[in-house]
Amino acid sequence: MKDTFNIVITGVGGQGVLTLLKILAEAALKQGLEVKTSELHGLAQRGGSITCNLRFGKRVFSPMVRNGEANLIISLEELEAMRACRYASKEAKTNFLVNSYRMYPPMMYVNNEKYPDRKQITAGLKKFGRRAVFVDATAVVKKFVGNTRTANVYLLGRAKKEGFLPLSRESLLAAVKEFFPEKHFDINKKAFDLGMKK
Amino acid sequence: MDKKAGRKVVFIGNEAVVRGALEAGLGLAASYPGTPSSEIGDSLATIAKQAGIYFEYSTNEKVAFEVAAAAALSGVRSLTAMKHYGLNVASDSLMPMAYVGVNAGFVVVVADDPSCSSSGQGEEDTRYFARIAHVPMVEASDSQECKDLIKYAFDLSEKFKTPVLFRMTTRVNHGGGIVKLGILPTPKTRGFFVKDFKRYNILPPGKEVVRMHKEIHAKLEKIKLVSEKDRINFVVNEKAESRVGIITCGISYSYVMEALEDLGPMPVLKIGMTYPLPEQKIKDFAERFDTLLVVEELEPLLEENVRMLVPDKKVVGKELLPTAGEYKPEDVLLALAKVTGKKWDFDFEKHEKDFAKLKIPKRGSVLCPGCPERSVFYAAKLAGGSGTVFPGDIGCYILGMSPQYAVQDFTISMGASVGFAHGIKKVSDQNVIVFIGDSTFLHAGIPPLINAAYNKSSPVIIVLDNRITAMTGHQPNPSMGLTAMGERTKEVMIETMAKACGVDTANVKTVDPYNFKATYDAIKTALEKKQLSVIVARRECQLLAVRKKLKEGVFIQKYEIDNSLCKKCGICLRQFGCPAIHMEGRNYVIDDVLCTGCGVCSQVCPNKAIKPKVKE
C-alpha cells in the first residue's frame, strides 16, 4: 500500500535483529500507527540468515513486505544486506543502512565460494536501491560503548540521523527505554546517541 | 503480559494467544516446545506465577495434551500448545477425547509451518485432524484475532463440551500486530473430577461406541449452525462490484486484504472456523459470482469443499497458487490481479531474475561457536570411519548433517533415531552411532532404547545433554531438575535411565565434550565392544554458559591462531567447522567477537597452532 512504510531488518542469527524489530514496532505504536511485524524463530536463529519485516502506516494487513517494496533495509552484516536486495527496488526508493561487519558463512569454504568485496556489495545495493550507507557499528560500539551487542541500537540512531526513518527521536528512545531492563538502558542510550552523532 | 486492560501493545500471535487465554480464565496449561509454537510456552512460563495459574513443560505433546485434558475434565479451563508434528504425537489421546468430551473449555493450539521456515520434518496441514478427530477448528489471521478467537474457542469448547483445535501458521505465530488488551478475570484453577463411568470409558460392545460416535456427529451438526451464524466467518466488502468472490482463511486473509488495498475492493468471505464449515454461508456468498477464488496455504481443503458446495460455479485456487510452500504476499496479489484481469506494474518475475544474478554465498544455520555438539560430531566422525550410519533426531544437532561433519544421515521424528538404529543393526554389520538430545531422549527415546536392549541390539547411542531444550529457545526439561515455573525438582539422570532401560552398567559412560580426546576414546571403545552402549556427552549449551559468564563478569579466554605454526591444513575450518574461524588471504583467523573460548579447536589442530590469546 502506497502510504505504508516497509522496513526489512536482516543479519545473522544472534546479532540482535529481533531486538531492533521490536523497538521499531513499539516506536511506531507510540506514534499511533497500525503496525505489523514478522519475526523469525527456531533453528534459523542458529547462525543463519535472519530476515524480519516491519510495516507501519494507517492501514496495514500483511506482516510480510513484498519483494521490491522495502523503503528501508537495515542490515547488521554486509553479506546479508546483499541478500536483502530481493526486497529493494528503485520504485520503492529503498535506502540501505549496513553495518560493515562481516561474518563468514562456514559453508562458503566447503562450496569454494567467495565473500564478495565491498565494491561488489555496493554495486549490488546501488543497482536495487536508492542509497547505501555503510557504518562500522560493531567497531564503534566496541570502542566507545564497550559492548558489541549494542550495534543494533547504534544503527537505529544512525537510521534516524540519515533521515531514513519516519519516526520521531522521542518515540524511538522511549521504545528503547521500554525494551531494555533499566540497567541496560544507559549503554543502549549511549549507542543510540553515538548513532545520532554519526 | 501484566499490562492493563484497554492498553494497546504489539504482540506476536503466540503472545496474543496467551493473553487471550488468560482473559478467558485459563487455569492450567501444558506444552512441549516446538517451533513455531514455542513462544506460547515461553510466555506462559514467564507469567504463570504472577497470573496465578499452573503451567508445565511436559515430557512430550501427548503427555501435555493429557495433563490439560484432565484439567478440563475436572472443570478447569485449560490449554495445550504444540507444533504440527506434535499433534501427531498427541493424536492418540485427541481422538478419544472427542467421544469423552470435556467439562470446561479445552483448547488445543497447533502451529503449522508452511515452507518450514522455523522447523523441520514436513509441511503437514493439520486442518485434516479436525475432521478425523471430530472436533471444531478455529483459525486466526493476526494477533488481535488470536486473542479474540482463543476466547471464542474456549467458549465454544465449554458450550459443546468438546476439545477445540486452534490452528495457526508460522506467519501468524511469529507475526506481530497491535492487540487491545481486555480484562483479566480471576482464574479458576481448582476443579473436581466427577465420576461418570459410562461417559468416560469408550469400551466394547461396539453398540455403545457407535452411539457415542453418532452423538458426536449430532454435536457437529449443532456446531455447524454456530459456524453459519457467528461472525467468526464473515464477509468484507459485501457490496463491492465484482464477478469474482474470494474465500480465504488464516494468514492468506491478510495477503488478500493487502492486495485489495492496491487493486480495489472485492467481496471476501473470511473463514475463521475451518471445521465445521458454514456451508450455507458459503453457498449464499457464492451465489452472485461466476468465479470463486479460494486463497489458502498448503492443501486445497477449502477449495475442494467449495467446489462440492457450489458445483455450478467456477472455483479456482491451486491452479493459480502453489500447494507446496507458504504463500508470499506477491503470489496472492498476482493471483487476484490475474483472476480479475487487472494489471500490476511491478514485474516481480524480472525482479527475481535480476536478484538471482547477484552472487551471494548461502548462509544456512550452523552450530554456534563453542557448541559442545561440534566436538562430539567431529570425534564420532573420526572414530566411526567410513560406512558408519548416523541416525539423527530432532534438535540443534540436526546440523550434524552439515557437510563438514556429515553425521546425520536421516531425520524422521522425535526419538526415531534409536528405533532406526536398532533396525539397521538387525540387518547390517555397519557401525551405527546415534545422536539424540537430552530433551528428545526423554520425549520419545526411552521406549526404543528399552526395545533395543530387550531385543539384544548394539548401536552406540550418544545423548547430547546440553542441560536445556536448546533449539526451541531454551526451555527447561526433566534432566535439569527445573520446572517451567522455575522451581527445583527431581533431576532425571540419563545414565540411570539408560541402565534401567537394560543397557549394561559398564556400557554407560559420561564425557565432557570439551575434552576431545576423552570423547573420541569413549566412542572408539564403545564401537569396539560391539554392545549396546549409551554415552552421555554433557556440557551446557554455550549460549547460556557465555551469557552467565558475561553476567558474572567471568573472563572468557579467547583463542588465536599462530600463523607461524599453522600448516594451512584447514581442519579447524573445513572439518571442525567453527563459524568463529575464517580466512584472511591465506591465513586462518579466529574472530574475537565470535570466539567463546571453548578451546576444542586447539585440541583438534594437528600442528598445535591454536593457542589461548595473549592479552593485548
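Two strands are taken as paired if DSSP finds at least two bridges between them. On that basis, the predicted model shows a five-stranded open sheet in chain B, with the order β9-β11-β10-β13-β14 and mixed pairing. The edges are held by β9 (234-236) and β14 (314-316) of chain B. Each has a single partner strand, so one side of each is left without a neighbour in the sheet. Neighbouring strands are turned by 25 degrees against each other on average, direction ignored.

Helix α11 (residues 279-286) of chain B touches β9, β10 (244-249), β11 (268-271) and β13 of chain B. The direction of α11(B) makes about 150 degrees with that of β10(B). Helix α12 (residues 301-309) of chain B touches β10, β11, β13 and β14 of chain B. Its direction makes about 155 degrees with that of β13(B).

Chain B also holds a seven-stranded open sheet. Its order is β3-β2-β4-β5-β7-β6-β12, again with mixed pairing. Here β3 (54-57) and β12 (273-275) of chain B stand at the edges. Each pairs with a single strand, so one side of each has no neighbour in the sheet. The twist averages 20 degrees from one strand to the next. The bridge partner of M137(B) is Y275(B) in β12(B). Helix α4 (residues 84-100) of chain B lies across β4 (78-83) and β5 (106-112) of chain B. This helix runs at about 130 degrees to β4(B).

Further along chain B, strands β17 (residues 508-511) and β18 (residues 533-538) run parallel and are joined by four bridges. T510(B) stands opposite V536(B) in β18(B). Between the two strands the chain passes through helix α19 (residues 516-529) of chain B, and this β-α-β crossover is right-handed.

On the scale of the whole chain, chain B is divided into four domains: domain 1 (8-229), domain 2 (234-356), domain 3 (372-548) and domain 4 (555-612). The centres of domain 1 and domain 4 of chain B, taken over C-alpha atoms, are separated by 49 Å.

Chain A has eight helices and six strands. Along the sequence they follow the pattern β-α-β-β-β-α-β-α-α-β-α-α-α-α. The radius of gyration of chain A is 16 Å, close to the 16 Å that the globule rule gives for 198 residues, so chain A is as compact as a globular protein of that length. The C-alpha trace of chain A spans about 50 × 40 × 35 Å along its principal axes.

The two chains meet through 53 residues of chain B and 48 residues of chain A. On the chain B side, elements giving two or more residues include β1 (8-12), α2 (38-51), β8 (175-180) and α13 (329-340) of chain B. The largest share, six residues, comes from α10(B). By class, this side has 23 nonpolar, 17 polar and 13 charged residues. Strand pairing also links the chains. Strand β2 (residues 34-38) of chain A pairs with β8(B) in the antiparallel sense over three bridges. In this pair, K36(A) stands opposite G177(B).

Note on methods: Residues are numbered from 1 along each chain as its sequence is written. Chains are lettered from A and ligands numbered from 1 in the order in which they are written. This is a predicted model: local features need pLDDT of at least 70, side-chain atom pairs count only at pLDDT 80 or more; totals for chains, interfaces and linings use all residues. Domain bounds come from an automatic or database domain assignment. Axes are lines fitted to C-alpha atoms, for helices over the stretch in contact, and angles run from 0 to 180 degrees between N-to-C directions. Two residues are in contact if their C-beta atoms, placed from the backbone, lie within 7 Å. Ala, Val, Leu, Ile, Met, Phe, Trp, Tyr, Cys and Pro count as nonpolar, Asp, Glu, Lys and Arg as charged, and the others, Gly among them, as polar. A crossover is right-handed if, with the strands pointing away from the viewer, the path from the first strand over the helix to the second runs clockwise. The radius of gyration is taken over C-alpha atoms; the globule rule is 2.2 Å times the number of residues to the power 0.38.
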